[in-house]
Amino acid sequence: MPGVNVNHRYTEVFNGIAVRADSSVTPFDLASVDKVKRVWPARYYTTSSQSRGSSANYPYSYPHKPTGVEKAVNELGLTGKGIKIGIVDTGVDYMHPELGRCWKTKGCMWQYGSDLVGDDYNPAVGNEETKPGPYPLDCVGHGTHVAGIIAGQGPIVRGVAPDATLGMYRVFGCNSASGKGSSSDDIILKGLEMAFKDKLDIISLSLGGGSWPDEPISVAAANIVKNSTVVVAASGNDGQGGLFTASSPAVSNGVINVGSVQNWNYTVANLSVRNSKSSKSVRATLSTSLGHPFSIDTETPIVAPTITSNPGGCGNVTDDLTGKVAIFTIQPECSHKLMVPILQKAGATAIIMINNKPGLIYPTFIGVNASVITVTPEDGLIILDMIAAGPTKVNGPTSKTYYIPATDTAGQVSVYSSMGPDPYLNISPHIMAPGGNIYSTIPVKYGGYFVMSGTSMACPFVSGAVALLKQGRPNLSVDEINDLLSTTASPIANPSTGILEHPYKIGSGLINVYDAVKARAKIFPPRLSLNSTTDCSSSEYASTIVGSELWSVRNITLTNTDKYKDMYVTIDNSASAALSMYYPNGSIAYTPVVFEGASSSDGTDNSKPAIKLFNPPKVVKAGQKATYTVAIIAPTVLDNSDKWFFGGALEFKLQWASEATTSVYRVPYSGYSGDYSKLDVLAPPSSGFPSIRDDSGMPLVPGPLTISENRTASVFFSMALPSHLGFVQLVNSAKKAVGYLPDGYFKFVPHTCPLCSLPIINFAINSTVFTDEELTNAVQVPTGSYSIHAAFLRPLGNPDNSADFQVWDSPVFTIA
């Protein structure tokens, strides 16, 4: 086709091509080409990097001990030797003293990989030309940090699998203005194909986007798994958006989906705070603003600026903060990501955030021209009291970086870690690993070491753990590796209630690679997703289950892999508190509502799911397997109108003959209390969407509205749930659809939320519409009165059944 150049052809893990077209060729032209089944735009990806920090003797046993890594190394001698791991990321500073100081030489830890893009490649700002260099050098920092987590050589950073052989496939360019690189689908697909062709054992993907397992990178990842390569992917960092925030390719079939927990230590430095009455020393994080370390050699005034009230959002700052350090308390109605730029704009040279929860946080700030640090609520109160008592100054850090136990948050779910389920109600994430406050390597030119947080850090930890497991048990299949890591994970309890966290937050729990290596039992399936929990009163099991109409029956196969000893089995139920994504008034709860619980007159807690076993075998002979049939019963007191998701874990307590100890294997389960297929996918009207708005986002209706070349508009949607199919049509005064809006017929609509990577979706309204679903036949509509008709498929719905769609019709407007 004239005006089209083929950039890449994919034949191994994805059947397709990547093209670059000039401005005369539209996606609709490409879709009309014979044998083209579907056209995807090349979506852009970015990856977070943190600012530089100082070197120290890092106690890596903090995250290695509770995850079984330390024990696997010390007792079993596992180091990842002989295992090949590919990293698709921003590149690596392979000359870092703890990352080999070599590239593809004999005995070097780096034997695979390439630069696919070059430094200047940055499609997010329009530079899509690739000029690969001879080596995949990291100009962002993310990939080098990931590499250190996997295989840092020590003594400062010791990776999970330091003797593994690595490959780096650089798919991100640089952005000198912000330090944040970007990439796109076509390049990442090429990186995946190269890693697959290199016959690596494991591919680590600390990137993601979207919600569905049907997107190009997700399809490629699933195909790689089918061909016996382990793929590990980060679940995403949209946890503040609540349920349904898990991203692809982590949700792909067979991919190990990893969430993040907080580290067992903080990396801190001391600040000196003084006024005329007293002097205090407080602990603070290192600066998390890229390129702006917190280092004030001379005492600088610190103030708590007045922030105007703005219910439901961020207020304004009218104080002149030039030459001052500003301190503020993080508020739930205004993200610190939004407040910090406001304070910087007011002139603050440095910003101190007071955490609104116990402990410290390490959020990344890119493009903020001020250093940013965090203090605990307790230390923040000390500073505020001193400011209230009179003019106060601050300087620091006054000593070198050091480490303290994170007793308040250790091992707890990171607030940013994305939650499940996926659109098909499958449990996400699968397992958790340390991702919050992780000290690792970054390029030497940026300081060599720093703290980063994210599921991007948890993902390589699991990749390294898989290397230990493969070394210890080389005959395991890809599926068996996934299953063993899940079923041997350690439970994570809610710190306030002591109750098991919901599987949509933790999957099976915290990874324990030592237990996985030493496991003598296998359980399949490793997790139970109950996506058909509806009225079961006519089931063959109905006569044996009393008190609930909502339950599901599943079969679980338990294999005793010990060839010599019989295995004795008991099964318990560890139930979690139910979660809802809606407040009682019907508005969306981006922090899930937790069911408080209710007990019957006899003291039974009816707010938790229950289980019933049907003649479970009590003994599994050596080398044999047994099937367990279990009914999982939805909590009887839940009001289905409140849209609750229940969950918990089956605990298989196993004891082998003549042994005193018991091993516990866990199978998480989750389901919806009601008919999931009837849920609305659009956010409720209280969200302010759907709505027709101008380019600034201001609503244009109700009221008369005329859309023309001089007054443009778009229709905006907020998605409470992902939708498999959506379309947006223009309807004339005769109530007849005249065509789809541009981009107005689309599959795999993601979840959106105000604090998510994708906060909203919108479609331009003008006189151009398309009369076919492929969006290839454009027509111009005459002037006149029109409205918008939109339809989105409900969960698990049938695209051929109009009753399975949620619809919305706009007020009438005029196209002139």
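A: Let's start with a word you'll need: a residue is buried under 20% relative accessible area, exposed over 50% and partly exposed in between, using a 1.4 Å probe and protein chains only. This is a predicted model, where local features need pLDDT of at least 70 and side-chain atom pairs pLDDT 80 or more, while totals for chains, interfaces and linings use all residues. Residues are numbered from 1 along each chain as its sequence is written, and side-chain values use heavy atoms, with hydrogens and water left out.

Q: What share of the residues in the chain is buried?

A: Of the 816 residues in the chain, 56% are buried. Helix 4, residues 142-151, is mostly covered, with ten of its ten residues buried. Among them are His142, Thr144, His145 and Val146.

Q: How many helices and strands does the chain have?

A: Both are DSSP runs numbered from the N terminus: helices are H or I with at least four residues, strands E with at least two. In this chain there are twelve helices and 43 strands.

Q: How much of the model can I trust, going by the average pLDDT of the chain?

A: pLDDT is the predictor's confidence in each residue, from 0 to 100. Here the chain averages 87, and 87% of the residues score at least 70. Residues 45-58 stay under 50, though the model gives them 77 contacts beyond four places in sequence; a contact means heavy atoms within 4.5 Å. Residues 598-602 are also below 50, and that stretch has nine contacts beyond near neighbours in sequence.

Q: What share of the contacts joins residues 24 or more positions apart?

A: Counting contacts in the chain with a separation of 6 or more, 74% are between residues 24 or more positions apart.

Q: Is Phe813 buried or exposed?

A: Phe813 counts as buried because its relative accessible area is 1%. You'll find Phe813 in strand 43, residues 813-815. Setting aside residues up to four places away in sequence, Phe813 touches Ile692, Leu705, Ile707, Leu730 and Ile765, as well as Gly784, Ser785, Tyr786, Ser787 and Ile788. Leu700 is 113 residues from Phe813 in sequence, yet their C-alpha atoms are 9.9 Å apart in space.

Q: And where is Thr67 found?

A: Thr67 sits in the loop between helix 2 (61-64) and helix 3 (69-76). Thr67 is buried, since its relative accessible area is 0%. Leaving out neighbours within four places in sequence, the contacts of Thr67 are Pro434, Phe461, Leu510, Ile511, Asn512 and Val513.

Q: How many cavities of 30 Å³ or more are there?

A: On a 1 Å grid over the protein atoms alone, a cavity is a set of points where a 1.4 Å probe fits but cannot get out; a pocket is an open set with protein on both sides within 12 Å along at least five of seven lines, and lining residues have an atom within 4 Å of a point. Points join across faces, edges and corners, and volume is the space filled by probe spheres set on them. The count here is three cavities of 30 Å³ or more. The second largest cavity holds about 50 Å³, and helix 11 (503-506), strand 31 (644-656) and strand 32 (663-672) each give at least two residues to its lining.

Q: Which residues lie nearest the centre of the second largest pocket?

A: They are Asn253, Gly254, Asn426, His430 and Arg527, out of 22 lining residues. Helix 10 (478-487) and strand 23 (528-530) are the elements giving two or more residues to that lining, and helix 10 gives the most, with three. The second largest pocket has about 510 Å³ of space.
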